[in-house]
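Please walk through the structure shown here, one site at a time.

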Amino acid sequence: MKKVMKYLLVLVMAFGVFNFVGENNKASAATFNWPSEGTITAGYKDPDYLSQFGRVHYGIDIAKSGTVNISASAAGVVTRSYYSSSYGHTVFIKHNIGGQTYETVYAHLRSASSLDVGDSVSQGQFIGYMGSTGLSTGQHLHFELHKGLWNSSKSNSVDPLDYLGETLGGTPPAGDPANNPSNGSYAYVKVDYVEGYGVNLYNNDGEYAGKANHGVVFSVYGEKPGYYSVGAGKWLPKEYAIYKPFKVHSAYPEGWGVNVYKAPDGAHYMGKLEYRDYDAKEYRDGYFKLDDDTWVRSKSVIVTKPKY
Ligand SMILES: [Zn+2]
């Protein structure tokens, strides 16, 4: 039952995550795009994963059945394309974005990628099909993002959810909605407790669901009295969280007029978005709720994620 609930929630979370980039700006969009469609079944350093498999999860798992294309999250050069007993058929890609080196990993591919080491790839280029090769319990993509190069201790790994869809190293072209996706989150919370201690997390039924350490930052997907939804069906008590909303700003030049609505369905036109930063209050069905109780299409805005 717990697993079913989790899948239902991640389905909601992942709705609309796939980032379509226009053909003409594939090469220039300095953004990490979602590498595949699917639902997130395990998060970065997911406590559930640790308790289930006894090892830290340094990436995210994105699952979908059927034939699912995996694509390069950003433009770069292939650094590995091989079979590993743990990763299965795997491709590594090195990126240089705004002077910073990153490396992405695409694991458990159905079969060997046709890409070779040294190949240049463009953002969105096909890598292979989602599979279940190597140490895998079902069809999914295991995706890692490293700030710096991959190493065997994975010390450069970062939470891909903090980067996917985020604009790095510049402002996206005005009016380019492809740079403004949402994975369903609209804020961050940082766990604020005692250094070295964990805060209890709870599942949808209010049962204990593992611990989160002081300083860990989660994406926020929803709220209920006393708790933030931090993804994968887990809830963090508000009393141990420092909350920072995403900032939302018109993606179009001043004067272009982005519509705001009374509901997240494009109904009941309420006027135009002012040309300033708003706090995101919620995300639903492709719309952000703003601090004055109106809704704007996520495709019409630039989202700036807060830093701690
Ligand atoms: Zn994984």
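Leaving aside neighbours within four places in sequence, Gly222 is in contact with Tyr186, Tyr227, Tyr228, Ser229 and Trp235, where contact means heavy atoms within 4.5 Å. Gly222 lies in strand E15 (residues 222-224); strands are DSSP runs of at least two residues (E) and helices of at least four (H or I), numbered from the N terminus. At 14% relative accessibility, Gly222 counts as buried, the term for under 20% relative accessible area with a 1.4 Å probe and protein chains only. The C-alpha atom of Gly222 is 8.1 Å from that of Tyr283, 61 residues apart along the chain.

This is a predicted model, in which local features need pLDDT of at least 70 and side-chain atom pairs count only at pLDDT 80 or more, while totals for chains, interfaces and linings use all residues. Residues are numbered from 1 along each chain as its sequence is written, and side-chain values use heavy atoms, with hydrogens and water left out.

The zinc ion is coordinated by His57 (NE2), Asp61 (OD) and His142 (ND1), at 1.9 to 2.1 Å. Donors here are N, O and S atoms within 2.8 Å of the metal (3.2 Å for Na, K and Ca); water is not among the atoms, so sites may look incomplete. The donor residues follow the spacing H-x3-D-x80-H in sequence, and both His57 and Asp61 are buried.

Definitions and conventions: Buried < 20%, exposed > 50% of the residue type's maximum accessible area, 1.4 Å probe, protein only.
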